[in-house]
Amino acid sequence: MARYNQDPRLSTFYNARASIKEFQSVVPIENENGTVEQRVDMLDPKMLRAIRQIESHSYERYDGTTHITTYAKNAYGTTTWWWAIMMYNGFIHPLEIEPGSIIKIPARVALENAIESVRRSYEPGSRTVNI
């Protein structure tokens, strides 16, 4: 337990200084009035399935000192999608990744498409109920 309280790489340490907004996926939606932010639940089972079905990816060697958000920033231009890298590799927490291991980075376009497909499933009229 002490390790979790002292290790600055942990999201719990980081979370004390960050808003929950930083840990959610933000999908910009353009409408007549301009760009609007819409949030997608990253732990929704639909999102988990969509992320895990992505086939195109690149590889990076995890060095154990670079925070996972840096890999996200390099791949996607934003740190916001760090969670997608974690999910894609079957991890929940960055400390689960062994230094020196190879991690897969989902392709940006494939990730955007996956997030968009889940977002669209929540739009009014997108659900059909059979009675």
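Helices (H or I, at least four residues) and strands (E, at least two) are taken here as DSSP runs, numbered from the N terminus. The structure is a predicted model, in which local features need pLDDT of at least 70 and side-chain atom pairs count only at pLDDT 80 or more, whereas totals for chains, interfaces and linings use all residues. Residues are numbered from 1 along each chain as its sequence is written, and side-chain values use heavy atoms, with hydrogens and water left out.

The protein contains 6 helices and 4 strands, which follow one another along the sequence in the pattern α-α-β-β-α-β-α-α-β-α. Of its 131 residues, 34% are buried, where buried denotes under 20% relative accessible area, exposed over 50% and partly exposed the range in between (1.4 Å probe, protein chains only). With contact defined as heavy atoms within 4.5 Å, residues 24 or more positions apart account for 62% of the contacts that have a separation of 6 or more.

Confidence is expressed as pLDDT, the predictor's confidence in each residue on a scale from 0 to 100. The mean pLDDT of the protein is 75, and 61% of its residues reach 70 or more. Over residues 1-23 the pLDDT is below 50, and this stretch has 26 contacts in the model beyond near neighbours in sequence. Residues 126-131 likewise have pLDDT under 50, and for them the model has 5 contacts beyond four places in sequence.

Several of the local features concern helix α6. V109 is found in this helix and, at 55% relative accessibility, counts as exposed; its C-alpha atom is separated by 9.3 Å from that of Y76, a residue 33 positions away along the chain. L111 also has its place in helix α6, but at 0% relative accessibility L111 counts as buried. Leaving aside neighbours within four places in sequence, L111 is in contact with I51, I54, Y76, W81 and A84.

Side chains of opposite charge can pair when their charged atoms come close. Under the criterion of a side-chain nitrogen of Lys or Arg within 4 Å of a carboxyl oxygen of Asp or Glu, the count comes to 1 salt bridge. This salt bridge joins E112 and R108, with the closest N and O atoms 2.8 Å apart. Both residues lie in helix α6 (residues 108-120), 4 residues apart, or about one turn of the helix. E112 counts as partly exposed at 30% relative accessibility, and R108 counts as partly exposed at 37%.

Rings of Phe, Tyr and Trp (its six-membered ring) were paired if their centres lie within 6.5 Å, with planes under 30 degrees apart counted as stacked, over 60 as edge-to-face and the rest as tilted; by this rule there are 2 aromatic pairs. In one of them, the rings of Y62 and Y71 have their centres 5.8 Å apart and their planes at 35 degrees, so the pair is tilted. Y62 and Y71 are both buried. A charge is taken to sit over a ring if NZ of Lys or CZ of Arg is within 6 Å of the ring centre and within 35 degrees of the ring normal; K104 lies in this way over the face of Y88, at 5.6 Å from the ring centre.
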